[in-house]
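User: I am new to this structure and would be grateful for a close look at a single part of it. Please take one chain, describe its build and the packing of its elements, and then place it in its surroundings.

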Amino acid sequence: MEQEQLSLWLAVVAYVIAGMLAIFGVVFAKKYEKSILFFMSVGLVLHAVAIGLRWVRLEHGPYLTMFEILSSNLFTLMLFFIFFYWRYQPVRPSAAVVLPILFIMMAWMMFTPHDAGMIPASFDTIWLWIHIGFGKVFMGAVLVAVGMGGIIVLRKYHWAEKKFANLPSNERLDDLAFRFMAVALIFDSLMLIAGALWAQDAWGRYWGWDPLETWAFITWLVLVITLHLRATFKLSYERGAYLIFTVFILGFLTFYGVPFISNAPHQGTFG
Amino acid sequence: MNLSRNFLVTYSASLKLTLFLFFIFGLGATLWHFTDHRLKDWLITIPLLLLAFNLMTALLTNKIFRIQGWLLLFHVGLLLLLFLIGISQVTKLIGSVEVTRGAEFSTSSAQWQQGVFHPNRLDQLKFKLEKFTINYAPVYGEVQRLDTQAYVTWLDEEGKVKKGVVGDKVPLEIYGYKLYTTYNKGFAPMFNWYPKQGLPISGSVHFPAWPEFELDQTNELQIPGTSYKVWLKLSFFDPIFSTTEPSQFRAPQDATLIVRVDEQRYELQPGEFVDFETGRLEFSGLNTWMGFQIFYDWSLPWILGASLLALFGLAGHFWRKFAPTPWLDDLEKKKKEKQ
C-alpha cells in the first residue's frame, strides 16, 4: 500500500515537472523536448507500477471507483499523449496546454478517496475491457486535439502569438486537430457499440437511455456535429478549436460526472 | 420535374438540414430523458425518420457519393442502420416479469411493450423457476451483491423438458425470447383461499423489490371471486445479509404478516388464517420472487453488422482523406531552409 502511494506520488511529481518544463519552454522560448519526454515517460512507468500494485492487491483492474477511473484514464491519456509527442513533432508544443489540463485530473485523483470498491457480476465480461479501451483512445485523441486547439486559441493573444510563432501555422494545427477528432469519432462509435454489446449481456437491453448512455450519445452527437460543421461550413480555426473544447468537456463530464451522480445500472448497484 | 429535383437537392438533401436535424435529435434525446409522456418516443423517432429521409435523398442526388466509394459505404451503412432500427422498433418486445420461487412463468404477472408487428408467443413460454440464489458478501465494510443463479426447467421448442442454470450474463432462451435475471427480487407471502362453496385456490402476492423498497413492504390482495380486498404488510427484524460473512438472499425467519381487512388488523404466522363470511384465507408461508427481463429482437446481429459496416466505411474515408501529411512537408521545407 505504501509502495503504491509512493509510486503514485512520484509519478505525479514527474508529470508536474514535465508540465512545468513545457510551460517554461513556451514562455522562455527554450527547447526542453527531450527532458519533457523523459519526465513524462518516468511518470508513466511509476504510474504503471502504482496501478499494477493496486491491481495485485485488490485483484481487479482500475475501473470501479472514481479514484481508479481517474487514475487509469490519466495513465492512458498520458500514454496516448507521450506516443504522439514522441512520434509527431508538431504535437510537441501542445504539451504546454495538455499537461496543465491533466494537472486538474491529477489533483482531483490525489484528493479522491483511494478506497476500494467491489466488482458487480455484470462487470465480469471481456466487453467491459473493450468498451473501456475504446473509450480511452477516444478521450486520448480528443485531448491531443484540445492541445492543438489550445495553441490556436492562445495565439490570438499578443503575448502568446510570439511564444508560439515557431510552431506550425493555424491551418496545419487545425488540420491535425481534426484528424485526431476523426480518430476520436471512430473510437467513440466503437466504444458505444462495445458498450451496447456489454449492456445486452449484462442487463438484457443494448440501449436504455440511462443517464450515462444519454450523455455518451450527446457527446457522440456533438462530435459528429463538430466534424459535420467543419465539412459543411468554412469554420474559422478558432471556432473549430472551441468545438473541440466542447467535445472534450462533454466527454469529460460523461466519463467522470454522470456515472457518479446517477443510480443507473451502469453503476452496478441497487442491492 | 426540374423544380422538384431542385427542391430535393437544395433542401431535403442538404448538409445544413442534416446539422439542423442532428441538433433536433440531440434535443429530442435530452427531452426524452426528462419526460414520462406516453408519446415521448416520438421525440427520438421523428428526428431519426427525418435524418433517414435526408440521408436517402443525399445518397440519390449528391454526386460526391459516386466519386468517393468509402463515403458511400459509410452512408449506405448508416441508412441500413436506421432502416434496421426502424424494423427493430416494430418487431421487438421488451418487458419484465416476476416469478415466484417454485412457480411457473405466467404472462399475467408480466408487463411488456411490443412493436406492432411482433408475433407475440409469450403465452407459449413454459418455464418454472425451481429456485434461485443471489450471493452477497461484505466487501470493504459494505454488503454487496455478487452473482445470481436461477435454476429453471423449461419446455423447448420441440416440447422436450430441459433443466439449466441461468443468471447474470446468461439468459434463458425460448422461442427467440431471452429472459435475463435482474437485481429485482423480493418476498412473496403464499395464501390458500378456502371458499365455503367451491374449490380452494392457492396463490401468492409479491411485495415490492427488496432491499430497494425495504421501507415499503406492503401490497394489496384481491381475493379471487370475491369483493374482499385485504391490505398486507411484512414486518421482520432478520437482517437477511450477514455483515461479517458471505450470505444469500432468502426469506426472513422472523417475519410476521400484518393483514388489515377494513378496520380489523391481524398478525399472522405461517399456518394462521383470517375468516371471512364466504371463506377462509390462510397464510401458508413466506416465499421469494425473482424479476426477469424479457427481450426479443431478431434484428440485433444485423444492427451490429450495419454499425460495423458504416464504421468501416467511415474509417476508410478518413484513411483516404488523411493520407497526405502536409506538416511533414513543412518540416522538410524548414530543414532545407536551414541548410
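Predicted model: local features only at pLDDT ≥ 70, side-chain atom pairs only at ≥ 80, totals over all residues.

Analyst: Helices, of at least four residues, and strands, of at least two, are DSSP runs numbered from the N terminus. Read from the N terminus, its elements follow the order α-α-α-α-α-α-α-α-α-α. The radius of gyration of chain A is 19 Å, close to the 18 Å that the globule rule gives for 271 residues, and chain A is therefore as compact as a globular protein of that length. Its C-alpha trace spans about 60 × 50 × 25 Å along the principal axes.

The interior may be described next. Of the 271 residues in chain A, 48% are buried. When contacts in chain A between residues at least 6 apart in sequence are considered, 80% join residues at least 24 apart.

One pair of helices shows the packing in detail. Helix H3 of chain A covers residues 66–87 and helix H5 of chain A covers residues 126–154; their axes come within 9 Å and cross at roughly 55°. Because of that angle, H3(A) is oblique to H5(A). The crossing of H3(A) with H5(A) is right-handed. On the side of H3(A), the residues that meet H5(A) are A:Asn73, A:Thr76, A:Leu77, A:Phe80, A:Phe81 and A:Phe84. Facing them in H5(A) are A:Lys136, A:Met139, A:Gly140, A:Leu143 and A:Val144. By class, the residues of this contact are seven nonpolar, three polar and one charged.

Chain A also has a partner. The contact between the two chains takes 36 residues from chain A and 40 residues from chain B. On the side of chain B that touches chain A, at least two residues each come from helix H2 (15–34), strand S4 (142–155), strand S7 (177–195), strand S15 (279–296), helix H6 (300–321) and helix H7 (326–338). Among these, H2(B) gives the most, with 11 residues. That side of chain B has 24 nonpolar, eight polar and eight charged residues.

A residue of chain B may close the account. B:Ser284 lies in strand S15 of chain B. With 16 other C-beta atoms within 10 Å, B:Ser284 is partly exposed. Leaving aside residues up to four places away in sequence, B:Ser284 touches B:Met190, B:Phe191, B:Asn192 and B:Pro270. From B:Asn6, B:Ser284 is 278 residues apart in sequence and 76 Å apart in space, C-alpha to C-alpha.

Methods:
Residues numbered from 1 in each chain as written. Chains lettered and ligands numbered in written order. Contact = placed C-beta atoms within 7 Å. Nonpolar A, V, L, I, M, F, W, Y, C, P; charged D, E, K, R; others polar. Axes fitted to C-alpha atoms, helices over the stretch in contact; angles between N-to-C directions. Parallel < 35°, antiparallel > 145°, perpendicular 65-115°, else oblique. Left-handed = near helix turned anticlockwise from the far one by under 90°. Rg over C-alpha atoms; globule rule 2.2 N^0.38 Å. Buried ≥ 20, exposed ≤ 12 C-beta atoms within 10 Å, placed from the backbone.
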